[in-house]
Amino acid sequence: PGPAAPPPAEAASGPAAPPAALPLPDGAVGVPIRLAEPAALAVVRPGAQLDLLAVLAGRQAGDADLLAPRALVLDVVGAGATDGSSALYLALRPEQAHRAVGLPEGSRFAIVVRG
């Protein structure tokens, strides 16, 4: 048999598949992070670098702590979800991951996307 026929033009012009998740780099740990503002997920893709910020419970929004500069986005999970299940899957150094998961209940995460 000869080579397979190319897919029909209609299939090629359909919506693009979401970018694939990236593998976890050596020495990093993967951490799912739910953002205080899930709409920010619309501008983030796997491979992006961002600064992960945290506003501790009881503090003002302008008083954020930098938890992880230049964190690598491995995946964006449920970007269109409206049930609170959306999250970023980030590659963090172990000490950054411990800080992120050890924050007091009620703390919120925010991001600054780097170019």
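Which residues are linked with Arg 59 in a network of salt bridges? Arg 59, Asp 63 and Asp 65 make up this network, a salt bridge being a side-chain nitrogen of Lys or Arg within 4 Å of a carboxyl oxygen of Asp or Glu. The model is predicted, so local features need pLDDT of at least 70 and side-chain atom pairs count only at pLDDT 80 or more, whereas totals for chains, interfaces and linings use all residues. Residues are numbered from 1 along each chain as its sequence is written, and side-chain values use heavy atoms, with hydrogens and water left out.

The chain contains two helices and five strands, which follow the order α-β-β-β-β-α-β from the N terminus. Helices (H or I, at least four residues) and strands (E, at least two) are DSSP runs, numbered from the N terminus. Of the 115 residues in the chain, 28% are buried; buried means under 20% relative accessible area, exposed over 50%, and partly exposed in between (1.4 Å probe, protein chains only). Among contacts with a separation of 6 or more, 68% join residues 24 or more positions apart, contact meaning heavy atoms within 4.5 Å. The accessible surface comes to about 7,300 Å², and carbon and sulfur atoms account for 59% of it. Accessible areas come from the Shrake-Rupley method with a 1.4 Å probe; for residues, only the protein chains shown count as cover.

In helix α2 (residues 94-101), the buried residues are Gln 96, Ala 97 and Ala 100. Seen down the axis of α2, these residues fall within an arc of 100°, so they line one face of the helix; the arc is that of the directions from the helix axis to the C-beta atoms. Their cover includes β1 (29-33), β3 (65-77), β4 (87-92) and β5 (108-113).

Leu 90 belongs to strand β4 and is buried, with a relative accessible area of 0%. Beyond its neighbours within four places in sequence, Leu 90 is in contact with residues including Val 29, Val 31, Ile 33, Leu 50, Leu 52 and Leu 72. The C-alpha atoms of Leu 90 and Leu 22 are 9.8 Å apart, although 68 residues separate the two along the chain.

Asp 51, in strand β2 (residues 49-55), is likewise buried, at 11% relative accessible area. Its side chain forms a salt bridge with that of Arg 114 (2.8 Å, N to O). This pair links distant parts of the chain, since Asp 51 lies in strand β2 and Arg 114 in the segment after β5, 63 residues apart. Arg 114 is partly exposed, with 33% relative accessibility. Among the other residues that Asp 51 touches, not counting those up to four places away in sequence, are Leu 66, Arg 70 and Val 112. Arg 70, in strand β3, has a positive phi of about 55° although it is not a glycine, and is partly exposed at 46% relative accessibility.

The whole structure holds four salt bridges. In one of them, the closest N and O atoms of Asp 63 and Arg 59 are 3.0 Å apart; Asp 63 is partly exposed at 34% relative accessibility, as is Arg 59 at 29%. The side chains of Arg 93 and Glu 95 also meet in a salt bridge (2.7 Å, N to O).
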